[in-house]
Amino acid sequence: MYSFYINKMKKEGLKVTPRRRAIIEFFLKKDSYLDTETVWKSLKPVFSRFGLPGVYRNLEQMRKAGLLTRIQVAGRRRYYGLCSNHKGEHHHHIICVKCGKVGEYSCSDFFKKKQINGFKVTGHFLQLNGLCPSCKEDKS
Ligand SMILES: [Zn+2]
Ligand SMILES: [Zn+2]
C-alpha cells in the first residue's frame, strides 16, 4: 500500500518529501481517520520545525491530490483518512464509528443523476457511517 501512495503522489505532481512520506506511514500504521493535531504530534519528535499549519497545509495538498479524504465527524476538528481508490473514479467513503477505519463504495445511479425534481445537480458529498467487519463481530 505504501508504494501505491508514493506513486500516486508523483503522478499528481506532489513532491515526495520526508514529511509527506511520514504522514502516509502514520496513516497506514493507524489504519483510521485522524485529525490534524494527532498527525502533528506524531511527527513533532522527528520534524521539530514542522508546525501545525504546515501539517494542515500538507494534509490539504494530499487531499487535493486524492491521497486523503476529509472525514465529516461531529465536532469542530478536521479529520482525514487515506483514500485507497486505485482507479481514481468518483466514489464515496464509509467510516467505522468504532475504530475509524475508512472504506469505500462506488456511487449509486441515483447520485449520478444530473437533474432531480427540477434541480440541476452540480455536485454532492456523501459519507456513510457504520461498523467495519471486525468491529461488527466484536461483542464486548
Ligand atoms: Zn477514496
Ligand atoms: Zn471498526
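1. Terms first. Helices and strands here are DSSP runs, numbered from the N terminus. With that naming, Gly88 falls in the loop between S3 and strand S4 (91-96). The model is a predicted one. Gly88 counts as exposed, because its relative accessibility is 59% and the cut-off for exposed is over 50%.

2. Overall layout. The protein has 5 helices and 8 strands. Read from the N terminus, the order is α-α-β-α-α-β-β-β-β-β-β-β-α. The C-alpha trace spans about 55 × 45 × 30 Å along its principal axes. The protein has 140 residues, and 35% of them count as buried. Take the contacts between residues at least 6 apart in sequence: 50% of these join residues at least 24 apart.

3. The main core. Nonpolar side chains tend to be buried together in soluble globular proteins. Here the largest nonpolar core holds 23 residues. Ile23, Phe27, Val39, Met62 and Leu67 have the most contacts inside it. At least two residues of this core come from each of H1, helix H2 (18-30), helix H3 (36-43), helix H4 (52-64) and strand S3 (79-82). H2 gives the most, with 5 residues.

4. Phe27 as a core residue. Which residues does Phe27 touch, not counting those up to four places away in sequence? They are Ser32, Leu34, Val39, Leu59, Leu68, Tyr80, Gly81 and Leu82. Val39 is also among the core residues with the most contacts.

5. Another core lies apart from the largest one. This other core has 5 residues, including Tyr33, Ile71, Ile95 and Val102.

6. Lys8, a buried charge. Lys8 belongs to helix H1 (residues 2-11). Lys8 is buried, yet has no salt bridge. The nearest side chain of opposite charge is Glu12, at 5.6 Å. Beyond its neighbours within four places in sequence, Lys8 is in contact with Ala65, Gly66, Leu67 and Asn85. Leu67 is one of the core residues with the most contacts.

7. Lys8 and Gly88. These two residues are 80 apart along the chain. Their C-alpha atoms are separated by 10.0 Å.

8. Aromatic pairs. The count is 3 aromatic pairs. One of them joins Tyr33 and Tyr79 edge-to-face, 5.2 Å centre to centre, with 80° between the planes. This pair links distant parts of the chain, 46 residues apart. Tyr33 is in the loop between H2 and strand S1 (34-35), while Tyr79 is in strand S3. Tyr33 counts as buried because its relative accessible area is 16%. Tyr79 is buried too, at 19%. The rings of Phe47 and Phe50 also pair edge-to-face, because their planes are at 80°; their centres are 6.3 Å apart. Phe47 and Phe50 are both buried.

9. Charges over rings. Where does Arg19 lie relative to Phe50? Arg19 lies over the face of Phe50, at 4.3 Å from the ring centre. Over the ring of Trp40 sits the charged end of Lys44, 4.4 Å from the centre.

10. Trp40 and its surroundings. Trp40 is found in helix H3. Leaving out residues up to four places away in sequence, Trp40 touches Phe50, Gly51, Leu52 and Val55. Trp40 and Lys64 are 24 residues apart along the chain, and their C-alpha atoms are separated by 19 Å.

11. Two backbone angles to check. Most residues other than glycine have a negative phi. Asp31 has a positive phi, near 50°. Asp31 sits in the loop between H2 and S1. Asp31 is partly exposed, with a relative accessible area of 42%. Asn117 likewise has a positive phi, about 50°, and is not a glycine. Asn117 lies in the loop between strand S6 (115-116) and strand S7 (119-120). Asn117 is exposed, at a relative accessible area of 75%.

Definitions and conventions: Residues numbered from 1 in each chain as written. Chains lettered and ligands numbered in written order. Predicted model: local features only at pLDDT ≥ 70, side-chain atom pairs only at ≥ 80, totals over all residues. Heavy atoms only, no water. Helix = DSSP H or I, 4+ residues; strand = E, 2+ residues; numbered from the N terminus. Buried < 20%, exposed > 50% of the residue type's maximum accessible area, 1.4 Å probe, protein only. Lys, Arg positive; Asp, Glu negative; His and termini not counted. Salt bridge = Lys/Arg side-chain N within 4 Å of Asp/Glu carboxyl O. Contact = heavy atoms within 4.5 Å. Core = buried A, V, L, I, M, F, W, Y, C linked by side-chain atoms within 4.5 Å. Phe/Tyr/Trp six-rings, centres within 6.5 Å; stacked < 30°, edge-to-face > 60°. Lys NZ or Arg CZ within 6 Å of the ring centre and 35° of its normal.
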